[in-house]
Amino acid sequence: MTESSTPPTSDIRRRRRDRSAEAPVEIAPVQPVSPKDKGRTRSVPSSWGLSPTFRVLVFLGGVLGVMVFLLYNEFLIRQFRDQERDRAELYANLYGLAISEAVPSDLAGHIFDKIIINESISFPMVVTDHHGQILNWKGPGLPASGDTSPKDMIQLRAAMERMDAVNEPVSAPWYARARGTLHWDSQQLIVVDPTEVAVAWGGAALPPFDGRAESREPVQAVLSDLQIRGSSMEFQVDNGEDLYLVGSPAEFIVVAQAQPVLPVAWGGPGLPTVADTSVVARELVRQRYHEVAAESEPIAFQIRSDQIIHYGNTDLLSRISMAPFLTVGVILLFAVIGYVGFRNIRHSEQRSIWVGMAKETAHQLGTPLSSLSGWLELMSARLRDLPAASVDYVDNADSRDSVDSIVREMQKDMGRLTQIASRFSQIGSVPELGPGNVANVLRETIGYFRRRGPQFGRHTFELEVVAERPVPLNGELMGWAFENLFNNSIDAFGGQEGSIRVQVDTDTDRQALRITIVDDGRGIESEHVGRVFDPGFSTKKRGWGLGLAFVKRIVEEYHGGQIQIVRSEADRGTIFEITLPLA
C-alpha cells in the first residue's frame, strides 16, 4: 500500500495540542490617570528631535536667522557709510576754512596739521580756482603732487568728474575781498581777476563781451602786450559781488552795485581822479555812470578769489561701499545653500524611506522563507522515508520522482527568494567589493530571464564581450541592477517582441569598464529622461518607482561608477550606459 505524502493524523493532532498548550498573550490593563497627573505632560516624544518637519524647520530657521543678521549688518553699514560721507565733507570744508584769511593763523595751522597733512586721514582732493584751473591735489588714486604732465592733468580732470558726481564741490574764499585790475590804452580795456584771467573787456580791437570761455582766448592773447604798454589800475571789491562796467577805453566807470550806484574804479578826461574820494567827486562819477548807462548796456561781471575743492570718499568709505555687494553676495550664497540643504534633506528623507522599506521587506521575507525552507526539508525527508519496494512500486517511484522534481524546483525558487531578501538587506549598508567578472554576472542574469521566458514575455538577448577586465564588484547587487534594467526594457516592449543587446568593453580614456544595454522598446519621453532615476518616480500604473533608483544607488554609490541614458527616442528604444572603475 502506498504511503501518502500527507502528514499522519497523529502528527497533526500533536501539533494542535502543542499550539493549544502555548501560554496565552497577556495584555496589561491600562492604568487610570490620577487626578494629580491630569493636565501634566507625561513625556516628550523621543521622535520629536528626529522629526523630518522639525529638522526642516530648524534648518530654515537657521538660514532665516543668518539672513536677518546680514540685513541688520547692512542697516548698520548704511548708517556708518552716511556718517563717513559727512566726515569727508567736513574735512573738505575745514580745508577751505583753513586757506581763508578769516581764520586766525594758529587755528589754520592746527587744521593743516590735524587734517590736511595728516597721513591717517586719507581721501582724494583736488583744488581749483574759480575758472577750473588746477592748483593743488592730494590723496589716494591721484598722481604725485607737483607732477603737471599732460597725462597726469588728464587723469586729474577725470578724477574730478568722478568726485563731483558723488560729492558736491566746496567753495572756499581765499580772501574776504577780491582784487581786480584794469588794463587799458586808447583802443582796448580789459579787467582781470587775481589769477590774471580776463573777466570783462571792451574796445574795437576786441571781440564783443559775452562771458563765454571761447571769447576769452583772443582777449588773453592781447592782455600780456597791454600789461606792458598800457595803463593799469587796481581796485578791491567784496568776493563774488556783482560789478558793472560802462564806457570805452577813453572813459570808463566800474560800479559795485546798480542801486544805489557805488563807484569802485573810473578814468577819463571829464572825471575826477581816483585818488579824490570826496563826496562831490563820487557824486560826479555816479551821475556820469547814469548818463553812459542810458546810452549803452553795462557789462555785468564778477571778480572771485575763492577756490573750489573737489573731494572724493575717504579710503574707509570706499571699502564700506563694497559691503552691500558683499552682503548681497553672502545672502545669495546662503539662499543657495539653504535651497541645496533643503533639497538634500528632502532627498535624504526619501532615501531613508525607501532604504528602510527595503530592509523591512528583507525582514518580512525572512520569516516565511525560513518556514518554507523547513517545510521543504520535511517533504524531502518524507520522500526519503517512502518504502523502496511495495506492490505499487512503479506508482510510488513515479510519484516520488515527480514530487522530488517539484521539491528541487521549489528549492531553486527558495534560493531565488533568499537572494532577493539578501539584496534588499544590503541596501543602506556598505557592501563588500572584490575582484569580479561582470560578464559572468551578465550571463547568469540573462540565463535567468531566458529560463523564465514565458513569464517575462517574448524577447531575445544578445551578449557581446569585446574586452573585459576584473573590477571591484559585488556580484549579488550588480546582478540585481542588471535585472532591474532588463525588466525596464522588457516592460518597454509592451507585450510585443523585442531584443536586448548588451555589450561589454573597456574605456581606456576613463580607465573603466563600459556596459552598454540597448533595447528597441517604446523609449522614454523626453520630459521624463531626467527623472527616471528619482526614487518614487514611475510612469507605470502599478509600481513603486524604485527599480532604477536602486540601480543608480548600486552603480554610483556602492561601486563608484556612473550610469546614464545615452539616447532614448519614441519607438526606437533606449540606450543605458554603465561605467565601472577598473580600480
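Analyst: A nonpolar core is here a set of buried Ala, Val, Leu, Ile, Met, Phe, Trp, Tyr and Cys residues joined through side-chain atoms within 4.5 Å, where buried means under 20% relative accessible area with a 1.4 Å probe, protein chains only. The model is predicted, and local features need pLDDT of at least 70, side-chain atom pairs count only at pLDDT 80 or more, while totals for chains, interfaces and linings use all residues. Residues are numbered from 1 along each chain as its sequence is written, and side-chain values use heavy atoms, with hydrogens and water left out.

The largest core holds 41 residues, of which V438, F482, F486, I515, I517 and L580 touch the most other members. At least two residues each come from α10 (438–451), β15 (471–473), α12, β16 (498–507), β17 (512–519), α13, β18 (562–569) and β19 (573–581), these being DSSP runs numbered from the N terminus (helices H or I, at least four residues; strands E, at least two). With eight residues, α12 gives the most to this core. Leaving aside residues up to four places away in sequence, I517 touches F482, L485, F486, I500, R501, V502, T574, I575 and F576, a contact meaning heavy atoms within 4.5 Å.

Helix α12 (residues 475–492) also packs with α13 (residues 547–558) at an angle of about 145°, their axes lying 9 Å apart; axes are lines fitted to C-alpha atoms over the stretch in contact, and angles run from 0 to 180 degrees between N-to-C directions. There L477, M478, W480, A481, N484, L485 and N488 of α12 meet G547, L548, F550, V551, I554 and Y558 of α13.

Technical notes:
Buried means under 20% relative accessible area, exposed over 50%, partly exposed in between (1.4 Å probe, protein chains only).
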